[in-house]
Amino acid sequence: MKQIIFTIVGTFIAAVGVRLIVVSDLGADAISTLVLGILQHVSVQFGTVSMLFNGIILIIVFFYDRKMIGIGSIINSFGLGLCLNILDWFGILHTIPNGTAYLSIIAGSIVFGIGTGIYLLADAGSAAYESLMILLKRLIKSSVKTARILLDALIFLTGFLLGGHIGWGTLIVLLLMGPSLEITLNQLPKLKFFRTQEAK
């Protein structure tokens, strides 16, 4: 039950982070850049495209190695898009005050990292994008770092070619999201509440 709660809470926090990043209009993470590019050609909600993208990835991963998929994979892959749509439905973070774009993307990058970290601490199954990265790593027989860089580059390029925006904000996300995620993964387990299992 704690794993499921962590997965849901982490997914929602990550969605808030994504929304803060996107609304800054300064650039975004890889998946958001792709989604924004797709939205240049279809009239649907951001979260809906995110759910469809993650759903396609999960289907591919399921036939390649279904062991990577758990309840957390489903919750995160579809829950992130659903949370983004809910924020849209309630009119939350549709706009930000003038002059706060950089503040928004900095806060969004940190919040996104924290949410992702909480989700990963749940250890309830790989998220769609992470599963795709692992699949790519196995196919090209590379390190995780190489696979992640190559995957991000391909997704960024596809999003850009479709019309997605890449700017200084993209660099900010890349610089801040990783450290925020790492701090979350290193510090939260020190608190008893955030341990989903006893250390071996």
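Helix α8 has these buried residues: Gly169, Thr170, Ile172, Val173, Met177, Ser180, Leu181 and Thr184. Buried means under 20% relative accessible area, exposed means over 50%, and partly exposed lies in between (1.4 Å probe, protein chains only). Helices here are DSSP runs (H or I, at least four residues), numbered from the N terminus.

The model is predicted: local features need pLDDT of at least 70, side-chain atom pairs count only at pLDDT 80 or more, and totals for chains, interfaces and linings use all residues. Residues are numbered from 1 along each chain as its sequence is written, and side-chain values use heavy atoms, with hydrogens and water left out.

The predictor's confidence in each residue is given as pLDDT, from 0 to 100. For the protein chain the mean pLDDT is 85, and 96% of the residues reach 70 or more.

The 20 residues of α8 reach 29 Å from the first C-alpha to the last, close to the 28 Å expected at 1.5 Å a residue. That expected span is 1.5 Å times one less than the number of residues. The buried residues of α8 pack against α1, α5 (101-122) and α7 (144-162), where contact means heavy atoms within 4.5 Å.

**Salt bridges**

A salt bridge is a side-chain nitrogen of Lys or Arg within 4 Å of a carboxyl oxygen of Asp or Glu. By this rule the count is two.

| Pair | Distance, N to O |
|---|---|
| Arg19 and Asp88 | 3.5 Å |
| Arg138 and Asp65 | 2.7 Å |

Arg19 and Asp88 meet in a salt bridge. This pair links distant parts of the chain, with Arg19 in helix α1 and Asp88 in helix α4, 69 residues apart. Both Arg19 and Asp88 are buried.

The other salt bridge joins Arg138 and Asp65. Arg138 lies in helix α6 (residues 128-140) and Asp65 in helix α3 (residues 46-65), so the pair ties together parts that are 73 residues apart in sequence. Arg138 counts as partly exposed at 38% relative accessibility, whereas Asp65 counts as buried at 16%.

**Nonpolar patch**

Met1, Ile4, Ile5, Ile8, Val9, Ile71, Ile74 and Phe78 make a nonpolar surface patch of about 720 Å². Patches are made of residues with over 30% relative accessible area and no salt bridge; nonpolar side chains (Val, Leu, Ile, Met, Phe, Trp, Tyr) are joined within 5 Å, like charges within 9 Å. Accessible areas come from the Shrake-Rupley method with a 1.4 Å probe; for residues, only the protein chains shown count as cover.

Helices α1 (2-24) and α4 (71-89) each supply at least two residues of the patch, and α1 gives the most, with four. Ile4 is in helix α1, and is partly exposed, with a relative accessible area of 33%.
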